[in-house]
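Hi,

Here is the structure I promised to pass on. Have a look at it first, and my notes follow below.

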Amino acid sequence: MRLKEIKLNKVAEITALFWLMKIVATTLGETLGDFIAQTLSLGYSIGILITLLFFVIVLCIQLYSKKYVPLYFWLVIIATTTLGTEISDFMDRSLGLGYTYGSLVLAMGLFTTLSFWYVKYKNLEVYPIINKNKELFFWTAVLFSNSLGTAFGDYLSDEIGLSYLIGALVTASIIALVILLHYFTRVNQILLFWIAFVFTRPFGATFGDFLTKPLNKGGLDLGTLPASIVSVVLIAIFIYIAHLQHQNKLLKEGL
């Protein structure tokens with residue numbers, strides 16, 4: 001990769017740490033979204049407004065930053081997972097679409113975004129990203145994928161009837177399959193990235209539900225606030241590690 005691309009890049013490099021942080025961020029998005037809408041009894045409409053405001057603020061900070069800053073990037077990821085939780089629940093419970101139709105609508109949104117992205121740039125590469133318009137495509141796809149992942153996770157538990165733990169194991173198995181395909185086949189790597197990106201969301205969502213839902217519903221009943229606090233602490237530690245790694249990389253490259 002050219003030094004100029006490293007310097008102007010705006011997104012995180014896809015590493016094992018990236019996927020670990022993505023899972024923690026999605027778990028936080030699920031528990032925090034439920035805390036706002038359910039624990040605080042604000043409802044899904046107000047929940048969407050609150051999380052949408054947070055998303056717009058951190059997205060603007062990310063877009064107008066001239067370089068990749070781990071804190072900014074991961075705050076937007078957290079915002080998309082939290083907003084995605086509210087969007088999915090609003091479509092299911094307030095609009096009455098159900099998780100099946102809601103998942104189809106969100107899947108079409110993701111497919112349409114990626115199609116326009118490909119038509120404009122002739123690729124769907126997610127690293128590095130130095131063009132602001134391409135970055136907008138990226139974040140739109142991220143929002144759709146995180147919303148879709150939330151809806152699919154709830155589909156597994158509410159429509160199919162899987163327990164939260166079994167649902168997490170099912171999505172974890174899909175992620176494991178994607179990893180095997182990545183290392184042992186020639187399946188398109190960009191396709192595998194987006195499959196993994198979508199399915200890390202229901203894994204985090206079902207695991208978040210497993211932590212917070214009542215015992216009689218198959219959860220551990222830890223509560224949305226304690227689970228969110230634990231997730232915040234973990235993601236803060238990982239962001240600090242990502243920051244150190246990024247600074248070391250810049251020093252190594254002489255930037």
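How many residues does H4 have, and how far does H4 reach from its first C-alpha to its last? H4 has 25 residues and spans 35 Å between those two end atoms, close to the 36 Å expected at 1.5 Å a residue. Before you go further, keep in mind that this is a predicted model.

First, the overall picture. The chain has nine helices and zero strands, and reading along the sequence gives the pattern α-α-α-α-α-α-α-α-α. The radius of gyration is 18 Å, close to the 18 Å that the globule rule gives for 255 residues, so the chain is as compact as a globular protein of that length. If you want to set up a box, the C-alpha atoms fill one of roughly 55 × 35 × 35 Å along the principal axes.

Of its 255 residues, 48% count as buried. The chain exposes about 12600 Å², and carbon and sulfur atoms supply 70% of that area. Taking contacts between residues at least 6 apart in sequence, 76% of them join residues at least 24 apart. On the charge side, there are 18 positive and 15 negative charges, and their mean positions lie 15 Å apart.

Back to H4, which covers residues 70-94. Of the 25 residues of H4, 18 are buried, so this helix is largely enclosed by the rest of the structure. Leaving out residues up to four places away in sequence, Asp-89 touches Asp-34, Gln-38, Tyr-44, Ser-94, Tyr-99 and Asp-154. Two of the names on that list, Asp-34 and Asp-154, are aspartates as well. Just after H4 comes Gly-96, with a positive phi of about 75 degrees.

Next, H2. This helix runs over residues 16-39, which makes 24 residues, and reaches 33 Å from its first C-alpha to its last, close to the expected 34 Å. H2 is mostly covered, with 17 of its 24 residues buried.

What does Ser-228 touch, residues up to four places away in sequence aside? The list is Leu-28, Thr-31 and Leu-32. Ser-228 itself lies in H9, residues 224-253, and counts as buried at 4% relative accessibility. Ser-228 and Leu-32 are 196 residues apart in sequence, but 5.7 Å apart in space, C-alpha to C-alpha.

H7, residues 164-184, holds Ala-176. This alanine is partly exposed, with a relative accessible area of 36%. Ala-176 and Ala-196 are 20 residues apart in sequence and 9.1 Å apart in space, again C-alpha to C-alpha.

As background, most residues other than glycine have a negative phi, and most peptide bonds are trans. Here is what turned up:

- Ser-41 is not a glycine, yet has a positive phi of about 60 degrees. Ser-41 sits in the loop between H2 and H3 (43-64) and counts as exposed at 60% relative accessibility.
- Lys-122 is not a glycine either, and has a positive phi of about 65 degrees. The place of Lys-122 is in the loop between H5 and H6, and Lys-122 is exposed, with a relative accessible area of 60%.
- The peptide bond from Tyr-127 to Pro-128 is cis, with omega near -5 degrees. Pro-128 is in the loop between H5 (98-121) and H6 (132-159).

That's what I have on this one.

Cheers

Methods. Residues numbered from 1 in each chain as written. Predicted model: local features only at pLDDT ≥ 70, side-chain atom pairs only at ≥ 80, totals over all residues. Heavy atoms only, no water. Helix = DSSP H or I, 4+ residues; strand = E, 2+ residues; numbered from the N terminus. Rg over C-alpha atoms; globule rule 2.2 N^0.38 Å. Buried < 20%, exposed > 50% of the residue type's maximum accessible area, 1.4 Å probe, protein only. Contact = heavy atoms within 4.5 Å. Areas by Shrake-Rupley, 256 points an atom, 1.4 Å probe, with all protein chains shown as cover. Lys, Arg positive; Asp, Glu negative; His and termini not counted. Charge placed at Lys NZ, Arg CZ, Asp CG, Glu CD. Expected span 1.5 Å × (residues − 1).
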